Amino acid sequence: MSARAVVTGIGVVAPSGIGVDAHWRTVRDGIRRTGPITLFDPASYPTRVAGEVADFDAAAYADNRQLVQTDRWTHLGFAATRLALADAGLPERAPDPYGWAVTLASSSGGNLFGQRELQRLWGGSTRTVGAYQSIAWFYAASVGQLSIHHQFKGPCGVLVAETAGGLDSLAHAVRTVRRGTPVVIAGATECPLSPYALACQLRSGLLSDVADPEAAYRPFDRSAGGYVPAEGGAVFVVEELGHALARGARIYGEVSGWGATHDAAHTGPDTVGDPDQYARAMRLALDRAGVTVDEVDVVLPDALGVPRYDRGEAEALRAVFGDRPPPVTTQKPLTGRAHQGGSALDVATALLAFRHDELPASAGPREPAPGCELDFLRTPRQPRNRVALVGARGFDGFNSALVLRGAPPAPRGSGE
């Protein structure tokens with residue numbers, strides 16, 4: 001039999017909060033954490049609202065040398081990884097370096113670091129960039145820095161599939177476990193908030209230009225007009241089941257199935273993804289997990305907030321589940337869309353929902369748009385089968401889906 005891969009640690013560093021408890025409170029209480037961009041002056045841009053990680057002190061998670069050499073996106077990764085290891089009850093340094101690995105997703109790399117260095121190149125008197133520019137912006141920087149710091153010397157890698165990458169990293173972690181590596185760090189963080197990064201996103205025509213944070217990001221709603229960018233994400237400790245049981249680890253759940261497909265189409269102001277390929281990714285995930293459509297308790301969708309993409313996602317769900325899809329919940333309106341970090345955050349939400357024995361209410365829509373009439377969770381509900389399907393659609397054609405099986409909930413009064 002193939003080795004089974006379970007999640008034993010979760011580290012969240014996101015607009016919803018730092019740590020799993022803060023994130024769950026935001027999700028449970030439906031608190032909107034988006035607001036005006038503060039990482040730079042957005043006055044000259046049509047999009048001025050984002051999801052930022054409030055009160056983040058990078059120095060609490062990385063030393064001065066690491067801070068100087070890396071971007072905020074990597075600082076968030078340092079923090080999320082340390083939180084995940086602590087949550088799993090594992091040490092900071094791998095006792096068996098070649099038995100531990102790290103596989104994260106990345107889409108845009110070190111934006112703030114690169115912005116500063118390029119401005120110095122073209123606007124400074126020296127016309128130079130710093131020595132660390134070549135490594136800080138690179139999409140594999142976080143994986144490299146984490147593997148060095150924590151001594152993860154097993155098979156390491158980076159997945160690049162925009163939002164879909166956050167799910168692909170977990171699928172890759174399962175494969176790595178099945179090939180004999182007992183502990184793999186997976187997930188994603190993001191920081192797409194710099195003038196250059198925002199300009200790149202604006203070119204897609206998919207960003208919201210609504211100034212009111214309460215109304216700026218409303219996926220599946222009649223008033224939907226684009227997404228709000230966000231930073232942060234989640235990192236997980238993915239562990240071989242026997243290894244986890246041998247050390248008495250607390251288990252959140254199992255990554256039991258996944259699927260990935262591609263539209264072979266560029267994302268632009270007038271394009272739309274292929275719902276058939278997205279539906280195919282979901283079917284692959286369900287088939288590999290051995291799960292029927294009737295067993296799925298909840299779906300956490302991509303929820304882009306662009307009307308044509310929302311309709312396409314609803315169409316894909318109906319194609320997979322028929323006329324009665326399972327309950328759907330999304331918390332992205334609370335945090336913004338953190339690209340690959342956002343889909344990883346959805347996985348954290350699903351696993352915490354099973355841990356707390358409560359499927360959280362969806363943060364919208366208030367009034368579903370035509371074609372988006374799904375069974376959105378309006379009030380919390382207990383899971384029945386402890387099975388979740390998480391979906392993600394990356395720009396330029398990536399589609400991914402992940403099936404999670406939740407472990408039994410924490411005992412009442414356990415303090416967790």
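This is a predicted model: local features need pLDDT of at least 70, side-chain atom pairs count only at pLDDT 80 or more; totals for chains, interfaces and linings use all residues.

Our first stop is His-23, which you'll find in helix 1, residues 20-29. Setting aside its neighbours within four places in sequence, His-23 is in contact with Val-12, Ser-16, Leu-345, Thr-349 and Leu-352. Take Thr-349: 326 residues separate it from His-23 along the sequence, yet in space the two are 8.1 Å apart, C-alpha to C-alpha. With Ser-16, the link is a polar contact between the two side chains, at 2.6 Å. Is His-23 buried or exposed? Its relative accessible area is 1%, so it counts as buried, since the cut-off for that is under 20%.

Next, head over to Glu-231, in the loop between helix 8 and strand 8 (233-240). Glu-231 has a relative accessible area of 0%, so this one is buried too. Its side chain has a partner: a polar contact of 2.8 Å joins it to the side chain of Arg-72.

Now for some empty space. Rolling a probe the size of a water molecule over the atoms shows where such space is left. The largest pocket here holds about 850 Å³. Its lining is made up of 33 residues, and nearest the centre lie Ser-107, Ser-108, Tyr-196, Ala-197 and Cys-200. Helix 4 (111-123) and helix 8 (195-203) each supply at least two lining residues. What classes of residue make up the lining? There are 13 nonpolar, 16 polar and 4 charged residues.

Terms used
Residues are numbered from 1 along each chain as its sequence is written. Side-chain values use heavy atoms; hydrogens and water are left out. Helices (H or I, at least four residues) and strands (E, at least two) are DSSP runs, numbered from the N terminus. Buried means under 20% relative accessible area, exposed over 50%, partly exposed in between (1.4 Å probe, protein chains only). Contact means heavy atoms within 4.5 Å. A polar contact is a pair of N or O atoms within 3.5 Å; within protein, one must be able to donate a hydrogen and the other to accept it, and residues adjacent in sequence count only if both atoms are side-chain atoms. On a 1 Å grid over the protein atoms alone, a cavity is a set of points where a 1.4 Å probe fits but cannot get out, and a pocket is an open set with protein on both sides within 12 Å along at least five of seven lines; lining residues have an atom within 4 Å of a point. Grid points are joined across faces, edges and corners, and a volume is the space filled by probe spheres set on the points. Ala, Val, Leu, Ile, Met, Phe, Trp, Tyr, Cys and Pro count as nonpolar, Asp, Glu, Lys and Arg as charged, and the others, Gly among them, as polar.
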